[in-house]
Amino acid sequence: MFDQKLVEHCSAVLAGLKTANLFSYTMGPDDDVHQLTADWNRMLHQKGITLFILKETNQNALIYVCRPGRLQADLKRECVKDFLTRYGYTEFTAEQAIQKLKERLRDSDGFPHEIGLFLGYPFCDVKGFIENNGKNCRACGFWKVYDNETETLRLFQKFIKCREVYTRLFHYRQRSIQQLAVAACE
């Protein structure tokens, strides 16, 4: 079940098209989500992909699948640093920023809106979402679009196609996630 969710929700990350994605995993009575993520980290580390448990409750875990090298590049942008500083971020290495995001998730009932920056959403769309309280978007897909609508809708189509291809290869062609994961180009 974990591997199926990984493919269905994170195919664009596995393919190197996106910085990161999330999925919620409902744990069975025999599941050890910490061991699962550790095992996947060993298998995917060489591809530049890391899994983190962002939040955990009794039965659910919020899993963050990330290409830390890409996240690090995103966090180096001055507009992103300035923006995240407003939300209490003081350190901008991928690991330290993810730790702060975990704290913000722990202290919140919902999702802190800056999470879009950790998922590789365009800065203008994250900023637009916050400034407009989630309203007045030009389009809606994997996220709400406030700028560059045509370009972003093309990107959404790539993500959809990637998910379709990866799901088909995983389920019907018996390709492993390690085979589907593209190595980082850093």
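First, a word on the source. This is a predicted model, in which local features need pLDDT of at least 70 and side-chain atom pairs count only at pLDDT 80 or more, whereas totals for chains, interfaces and linings use all residues. Residues are numbered from 1 along each chain as its sequence is written, and side-chain values use heavy atoms, with hydrogens and water left out.

The predictor's confidence in each residue is given by pLDDT, on a scale from 0 to 100. The protein chain averages 94, and 99% of its residues score at least 70. Confidence is lowest in α9, with a mean of 93, and highest in strand β5, residues 144-145, at 98.

Let me turn to the overall architecture. The protein chain contains nine helices and five strands; these are DSSP runs, H or I of at least four residues for helices and E of at least two for strands, numbered from the N terminus. Along the sequence, their order is α-β-α-β-β-α-α-α-α-α-β-β-α-α. The C-alpha trace spans about 45 × 35 × 30 Å along its principal axes. Of the 186 residues, 41% are buried, meaning under 20% relative accessible area with a 1.4 Å probe, protein chains only, while exposed is over 50% and partly exposed lies in between.

Next, helix α2, which covers residues 33-44. Its twelve residues reach 16 Å from the first C-alpha to the last, close to the 16 Å expected at 1.5 Å a residue; the expected span is 1.5 Å times one less than the number of residues. Which residues of α2 are buried? They are V33, T37, W40, N41 and L44. Because these residues cover an arc of only 105° around the axis, they sit on the same side of α2; the arc is that of the directions from the helix axis to the C-beta atoms. The buried residues of α2 pack against α1, β1, β2, β3 and α9. At the start of α2, a side-chain oxygen of D32 comes to within 3.1 Å of the backbone nitrogen of H34.

Helix α8, residues 149-172, has 24 residues and reaches 34 Å from first C-alpha to last, close to the 34 Å expected. Its buried residues include F156, F159, C162 and Y166. The buried residues of α8 pack against α1, α7, β4, β5 and α9. Just after α8, Q174 takes a positive phi of about 55°.

Finally, two residues deserve attention. T19 lies in the loop between α1 and β1, and counts as buried at 4% relative accessibility. The side chain of T19 makes a polar contact with the side chain of D74, at 3.1 Å. A polar contact is a pair of N or O atoms within 3.5 Å; within protein, one must be able to donate a hydrogen and the other to accept it, and residues adjacent in sequence count only if both atoms are side-chain atoms.

A20 lies in strand β1 and is buried, with a relative accessible area of 0%. Not counting residues up to four places away in sequence, A20 touches V13, Y64, V65, C66, F118 and L119, where contact means heavy atoms within 4.5 Å. A20 and G120 are 100 residues apart in sequence and 6.3 Å apart in space, C-alpha to C-alpha.
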